Amino acid sequence: MGLPKKLLSIKGILYMHPSKRSFLPGLIALMIAPIVALAQSHGDLPSAQAIGSIEAVATFHDAMPTGVTVSENGRIFVNFPRWGDDVPFTVAEVRDGRSFAYPDAAVNRGDVARPGETFLSVQSVVADGRGRLWILDTAAPNFSAPVRGGAKLVAIDLASNRIERTLIFPSEVIDATTYVNDMRFDFRVGKQGVAYVTDSSPTGTGGIIVLDLDSGKAIKRLVGHHSTSADRAFVPIVEGQQLMNRAPDGATAPFTIASDGIALSPDGETLYYSPLSSRRLYSVPTRLLRDATISEASLASAVGDLGDKGASDGLESDALGNLYAGDYEHNASTAAPPQASGRRSPRIHASSGRILYRLGRMASCTSRRISCTVKQPSTQARTKGASPMSCSERA
């Protein structure tokens, strides 16, 4: 299971392989069979089992990646938000273990004078399986207030490697504290589909943005609801220390990041999400989320608390309705199958030896893999109160 120590101590993209046992063919069957076996053996009790193997596909010694995605033909893309590292390009394609500015270097040179035309600070990338790469630009380097007109969703045609569409988020869903974080798409809704985007405001007050990909109109829902906001009683422990914001002068502040991870059920009827500063998993019916005539009170009453899943960043789902999440307090990832009760008890605990901090998009079904990034934010200046540890210091 473990990676060589020198790889475990640096940031990189990891693939978690399913077990090589003789289960049903295909990615989903290989991933889901161990979960079913555990459910039969242990009933409703959560259980832990180390499975699969981990392969380092690329490593990064400088800028820290957050998002990773794999296209239907196996191309790998990552992004590097501008959080204080030297970030020459904020979106990259990984080829032969090396990162190259994508779609080109020019658009990656953030220009606040042209916020809608250049990438300022990208937080997430998603290949949609339809020949496009979607890029989510926060326009908020270092968690600053978003540059006006810069928070956007950009679609790139993977055949031509050219920008196909740019959707600027309307000002009514972007305020001085907004930090657009992650996204999921449903192209079965409306004329061109819909995007669900989490707002993980570092103030701790989050929300979910629903963007119509045809009209470009957007609404923000569940703003300040407990399900989208940081749990003020949450105390994250990473590598034996409390994870918090630490200034160079020694001042500290709670780690309060709002709604972050997001996943969509196979039928598109349910959206799953969780704040980064929380261990809870929540859900909401998408038909209510999209309907602007539904009051916030009615929508809030439809939110489901699905229980404790562990503290995670990214979420992912598969075609059978299983959810996958990182577990940054335990250097692991978890998988939770759907249950008749609606709750989801973690069934698989696959230890990586290092932090599987952000679980990214699923790879294609033929790859039999789940892709994720190891962000290791606890080594960053924002949480260390000094310069991030080097690879040699962590080895």
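In what order do the four strands of the open sheet stand, and is their pairing parallel or antiparallel? The order is E3-E4-E5-E6, and the pairing is antiparallel.

Before I proceed, a word on the model. This is a predicted model, in which local features need pLDDT of at least 70 and side-chain atom pairs count only at pLDDT 80 or more, while totals for chains, interfaces and linings use all residues. Residues are numbered from 1 along each chain as its sequence is written, and side-chain values use heavy atoms, with hydrogens and water left out.

As to confidence, pLDDT is the predictor's confidence in each residue, from 0 to 100. The protein averages 77, and 73% of the residues score at least 70. Over residues 1-42, however, the pLDDT is below 50, and this stretch has 124 contacts in the model beyond near neighbours in sequence; a contact means heavy atoms within 4.5 Å. Residues 346-367 also stay under 50, and there the model has 124 contacts beyond four places in sequence.

Strands are DSSP runs (E, at least two residues), numbered from the N terminus, and two strands pair if DSSP finds at least two bridges between them. Strand E3 (68-70) and strand E6 (98-101) each have a single partner strand, so one side of each is left without a neighbour in the sheet. Between them in the order are E4 and E5. Strand E4, residues 76-79, is joined to strand E5, residues 91-95, by four bridges, and the two run antiparallel. Within this pair, phenylalanine 77 has glutamate 93 in E5 as its bridge partner.

I turn now to strand E24, residues 323-327. Is this strand mostly covered or mostly open? It is mostly covered, with five of its five residues buried, that is, under 20% relative accessible area with a 1.4 Å probe, protein chains only. Leu323, Ala325 and Asp327 point one way, and Tyr324 and Gly326 the other way.

Strand E24 has antiparallel pairings with two strands that I shall describe in turn. With strand E23 (residues 315-317) there are three bridges, and glutamate 316 has tyrosine 324 as its bridge partner. The hairpin of E23 and E24 has five residues between the strands, and glycine 321 takes a positive phi near 90° there.

With strand E25 (residues 332-336) there are five bridges, and glycine 326 stands opposite serine 333. In this hairpin, four residues lie between the strands, and asparagine 331 takes a positive phi near 50°.

Key:
Buried < 20%, exposed > 50% of the residue type's maximum accessible area, 1.4 Å probe, protein only.
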